Amino acid sequence: MVHEKSCGAIVYRKFHGNTEILLIRHIKSGYWSFPKGHAEEGETEVQTAEREIKEETGLDVFIDSGFRETVTFSPRRDATKTVVYFVARAKNYEVSPQAGEISEIKWVEIGKANKHLTYDNDRVIVSRAKAFIALMKN
């Protein structure tokens with residue numbers, strides 16, 4: 001059995017008094033989720049998340065490793081995949097979808113994210129991230 005590992009984040013911003021999170025739509029599958037990707041040799045989980053967010057969205061972020069949630073699933077019969085999610089605050093807001101990978105990027109109010117997300121696992125992560133972000137001062 002093959003085991004894959006990816007890292008990413010629920011990227012947020014404070015905008016007009018609301019907390020918004022960044023959602024991306026993948027070209028191949030069409031599903032809505034969060035920026036994430038495979039770890040490269042020698043990278044920490046945080047480094048992988050930062051690199052993947054930059055590659056997929058063009059954003060620079062501050063990762064808060066105080067929030068770390070994992071999801072494990074089986075994308076294929078012969079594989080398991082673990083995705084590690086952090087919470088990350090966007091340093092800038094101008095997005096640029098990665099050509100050939102990401103078809104669309106949008107900021108959505110965190111309380112309305114569930115209606116856009118494709119997978120239940122992602123809805124659980126948003127719920128936990130929402131509670132974590134609410135406790136933060138920025």
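Strand β5 contributes the most residues to the lining of the largest pocket, four in number; strands (E, at least two residues) and helices (H or I, at least four) are DSSP runs numbered from the N terminus. The model is predicted, with local features requiring pLDDT of at least 70 and side-chain atom pairs pLDDT 80 or more, while totals for chains, interfaces and linings use all residues. Residues are numbered from 1 along each chain as its sequence is written, and side-chain values use heavy atoms, without hydrogens and water.

The volume of the largest pocket is about 670 Å³. A pocket is an open set of points on a 1 Å grid over the protein atoms alone, where a 1.4 Å probe fits, with protein on both sides within 12 Å along at least five of seven lines; lining residues have an atom within 4 Å of a point. Grid points are joined across faces, edges and corners, and the volume is the space filled by probe spheres set on them. The lining comprises 28 residues, of which H26, Y31, K36, H38 and K81 are the closest to the pocket centre. Two or more lining residues come from each of β1 (2-15), β4 (36-38), α1 (45-57), β5 (61-76), β6 (79-90) and α2 (120-134).

The whole structure contains 13 salt bridges, each defined as a side-chain nitrogen of Lys or Arg within 4 Å of a carboxyl oxygen of Asp or Glu. In the pair E45 and K5, the closest N and O atoms are 2.6 Å apart. Because E45 belongs to helix α1 and K5 to strand β1, this pair ties together parts 40 residues apart in sequence. R13 and E20 form a salt bridge at 2.7 Å, N to O. R13 is buried at 9% relative accessibility, and E20 is buried at 12% (buried: under 20% relative accessible area, with a 1.4 Å probe and protein chains only). A further salt bridge links E52 and R51 at 2.8 Å, N to O; both residues are buried. Shared partners join E40, E43, R51, E52 and E55 into one salt-bridge network.

Leaving aside residues up to four places away in sequence, F34 touches residues including A9, L117 and D122, a contact being heavy atoms within 4.5 Å.

Note on methods. Buried means under 20% relative accessible area, exposed over 50%, partly exposed in between (1.4 Å probe, protein chains only).
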